[in-house]
Amino acid sequence: MNLILFASTLILVAAIAIASAKNKKTTAALQQEYWEKERAANNTRRKSLDDLPYIKLPMEIFPMELLPEVSKIEDYKQIILSLQELPIVNFTGLSNTELKLRYGAPNIDLLTSYDQNYTLLVRTLQQWAQALYDDGYPAQACQLLEFAVSTGTDVSTTYRLLCQIYQEQGTPEKIRSLYPIAETLNSAMQKTIVRILQESDQSGD
């Protein structure tokens, strides 16, 4: 029995050693691939940014007149106004390396600022919509959420609240119109958002 146990232990140790060696080789290959890609990205020349999918803010949908006495809502309005003339692009899911390869290394600071503007936009829309909903303005909140979704936001609470409003408005069928957007999101949150839609869709049946 001791001999069998010893042999089994040796086999297990050997298997672990082989797996560890394979893992190290895979890691080394991935690291080499990354640095080769990064070197290529850093040598990519500046490209025109004229054809980027810039997001224009439809100012007519923003309820600027509502709840002027609520300070946090006034803050959201000011953020939207500050973003109105700034370049906004959704680069969710793209690394800096990928951005440099596509648009040129010299543009990376500009591209980063465009993406930061987008992040600020969708977070503000979510917070503003939630505040409006909590204060009894679901229709106005819905407008903000629908615009955020149209830009490809991956803020999961945006989808959750929008589904809730659709159900409360008696239009649960609108949830299904969100699937094509959610299923094509280039984000780690994609599966979570699809699951939110599925759960909301089922609860409305």
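Helices here are DSSP runs of H or I with at least four residues, and they are numbered from the N terminus. On that basis the protein chain of this predicted model reads α-α-α-α-α-α-α-α from the N terminus on, which amounts to eight helices and zero strands.

**The chain as a whole**

- Of the 205 residues in the protein chain, 38% are buried.
- The accessible surface of the protein chain comes to about 12300 Å², and carbon and sulfur atoms hold 54% of that area.
- Among the contacts in the protein chain with a separation of 6 or more, 69% are between residues 24 or more positions apart.

**Helix 4 against helix 5**

- Helix 4, covering residues 108-134, packs on helix 5, covering residues 138-150, at an angle of about 160°, and their axes are 8 Å apart.
- Angles over 145 degrees count as roughly antiparallel, and helix 4 and helix 5 are therefore roughly antiparallel to each other; the crossing in which helix 4 passes helix 5 is left-handed.
- On the helix 4 side the residues in contact are Tyr118, Leu121, Leu125, Gln126, Trp128, Ala129, Leu132 and Tyr133, and they meet Pro138, Gln140, Ala141, Leu144, Leu145, Phe147 and Ala148 in helix 5.
- Sorted by class, the contact of helix 4 with helix 5 comprises 13 nonpolar residues, two polar residues and no charged residues.

**Helix 5 against helix 6**

- Helix 5 and helix 6, the latter spanning residues 156-168, pack at an angle of about 135°, with 10 Å between their axes.
- This angle makes helix 5 oblique to helix 6, and helix 5 passes helix 6 in a left-handed crossing.
- Helix 5 contributes Pro138, Ala141, Cys142, Leu145, Glu146, Ala148 and Val149 to the contact, while helix 6 contributes Thr158, Tyr159, Leu161, Leu162, Ile165 and Tyr166.
- The contact of helix 5 with helix 6 divides by class into 11 nonpolar residues, one polar residue and one charged residue.

**Helix 2 against helix 4**

- Helix 2 packs on helix 4 at an angle of about 150°, and the axes of the two helices lie 10 Å apart.
- With that angle, helix 2 is roughly antiparallel to helix 4, and the crossing of helix 2 past helix 4 is left-handed.
- The contact is formed by Lys72, Ile73, Tyr76, Lys77, Ile79, Ile80 and Leu83 of helix 2 together with Asn117, Leu120, Leu121, Thr124, Leu125, Gln127, Trp128 and Ala131 of helix 4.
- In the contact of helix 2 with helix 4 there are 10 nonpolar, three polar and two charged residues.

**Leu67, in a loop**

- Leu67 is situated in the loop that runs between helix 1 (2-42) and helix 2 (71-83).
- The phi angle of Leu67 is near 50°, which is a positive value in a residue other than glycine.
- Because buried means under 20% relative accessible area, Leu67, with a relative accessible area of 10%, is buried.

**Asp115, in helix 4**

- Asp115 has its place in helix 4, and with a relative accessibility of 24% Asp115 counts as partly exposed.
- Apart from its neighbours within four places in sequence, Asp115 is in contact with Val89, Asn90, Phe91 and Thr92.
- Asp115 and Val89 are 26 residues apart along the chain, and their C-alpha atoms are separated by 5.5 Å.

Definitions and conventions. Residues numbered from 1 in each chain as written. Predicted model: local features only at pLDDT ≥ 70, side-chain atom pairs only at ≥ 80, totals over all residues. Heavy atoms only, no water. Axes fitted to C-alpha atoms, helices over the stretch in contact; angles between N-to-C directions. Parallel < 35°, antiparallel > 145°, perpendicular 65-115°, else oblique. Left-handed = near helix turned anticlockwise from the far one by under 90°. Contact = heavy atoms within 4.5 Å. Nonpolar A, V, L, I, M, F, W, Y, C, P; charged D, E, K, R; others polar. Buried < 20%, exposed > 50% of the residue type's maximum accessible area, 1.4 Å probe, protein only. Areas by Shrake-Rupley, 256 points an atom, 1.4 Å probe, with all protein chains shown as cover.
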